[in-house]
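Thank you all for coming; I would like to take a few minutes to walk through one structure with you, starting with a single residue and ending with the sheet. Please have a look at it before I go on.

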Amino acid sequence: MSSAVRAPSLPAGYRVRDVDRDADLARVVQLLRTCDEHDAGVTDVSEAWLRDDWRSSSIRGAFVAENGAGDVVGYLSLEALDPVSSVTMYFPLAPSVRSVLRVPWTAHCAERVERLGGPKAIRYAVAAAEEEAGTALEQSGYVFARVFWHMQRSIDASYRAAPPPAGVSIRAYDADADDRLVWRLVEESFAEHYGQEPHSWASWQQDVLGASTWDPELVWIAAVDGEPAGVVICQDVEGVGWIGDLGVLKPARGRGVGSALLEHGFAVLAARGRTLVRLNVDSDNETGAAGLYERAGMHVLRAFHCYERSGPGE
């Protein structure tokens with residue numbers, strides 16, 4: 001672990017250091033939960049997800065801000081599959097220090113992005129409902145781009161999926177044969193989505209197949225007239241079911257494949273005893289996924305705002 005240093009942009013008494021992935025796990029989780037509960041009244045931060053984030057192929061830095069007593073009051077993660085193309089920052093602050101640190105912390109985080117991002121890279125910033133977060137980002141040259149929704153619905157053991165439409169079938173994932181197929185289905189389904197960067201097979205193996213939340217029994221593949229057309233990857237995390245990824249290939253859209261996969265995912269999670277299902281979606285998703293989820297009984301639990309800024313160029 002590197003020693004803590006005073007960041008020039010922060011007031012006296014605060015310092016920034018690299019995350020210690022063992023010693024800081026519980027402390028960062030607690031900070032994120034405190035922020036969530038203050039801002040949205042709900043939290044689902046888990047140690048498993050944070051640990052997976054820190055070992056992913058896209059992580060380019062994770063830092064904590066501390067006060068003079070050594071309390072963790074800020075967190076910054078920088079993610080980029082390819083820093084020449086894009087860099088994403090997530091930079092929550094404890095409610096108790098926002099009035100003091102919001103502007104200097106945002107400036108510090110944005111400067112970290114500049115060190116990492118290529119000249120033409122898009123800089124993305126994800127902000128929850130934190131006081132003045134958007135204003136501080138705009139002062140750093142970012143502009144509002146999209147809203148991402150965190151959605152939820154209740155289920156119970158009685159839930160049953162409707163039969164798939166004619167010509168559509170859903171089968172279980174085969175761990176011995178389907179790894180590359182699932183990778184291809186996800187990559188091709190999401191290729192045109194906002195901010196999407198391609199995962200190489202090597203990074204997919206590390207980030208998805210190597211994640212603590214990967215469960216082969218929660219992965220299902222759809223076919224249209226016998227040809228692979230879509231996939232749903234579910235997760236079971238600390239008693240809550242998740243639709244992690246749901247993708248349908250472009251030629252197969254409009255056939256009810258997405259609805260069939262979503263309902264199948266609900267049913268699989270209900271059979272595990274889950275009573276809540278959650279997911280994250282771009283509210284302006286080009287495929288209309290947000291509308292699909294609303295029609296399936298999901299409602300918006302909270303929102304995350306995405307801001308962006310182009311690099312200075314060559």
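Let me start with S58, which counts as buried because its relative accessibility is 10%, under the 20% cut-off for that term; please keep in mind throughout that this is a predicted model. S58 sits in the loop that joins α2 (47-55) to β2 (59-66), and, if we set aside its neighbours within four places in sequence, S58 is in contact with L78, E79, A80, L81 and D207.

E132, in the loop between β5 (122-127) and α4 (133-139), has a phi near 65°, a positive value in a residue other than glycine, and E132 is exposed, with a relative accessible area of 53%. D225, in the loop between β8 (219-224) and β9 (227-237), likewise has a positive phi, near 50°, and D225 is exposed at 59% relative accessible area. As background, most residues other than glycine have a negative phi.

Now to the sheet: 12 strands form an open sheet with mixed pairing, in the order β1-β2-β3-β4-β5-β12-β6-β11-β10-β9-β8-β7. Its edge strands are β1 (15-18) and β7 (168-172), each of which pairs on one side only, and the twist averages 25° from one strand to the next. Within this order, β5 and β12 (residues 299-310) pair in the antiparallel sense over 6 bridges, and A127 has H305 in β12 as its bridge partner.

Finally, helix α5 (residues 179-189) packs on the sheet, where it touches β7, β8, β9 and β10 (240-248), with its direction at about 95° to that of β9.

Technical notes: Residues numbered from 1 in each chain as written. Predicted model: local features only at pLDDT ≥ 70, side-chain atom pairs only at ≥ 80, totals over all residues. Heavy atoms only, no water. Helix = DSSP H or I, 4+ residues; strand = E, 2+ residues; numbered from the N terminus. Buried < 20%, exposed > 50% of the residue type's maximum accessible area, 1.4 Å probe, protein only. Contact = heavy atoms within 4.5 Å. Pairing = 2+ DSSP bridges. Axes fitted to C-alpha atoms, helices over the stretch in contact; angles between N-to-C directions.
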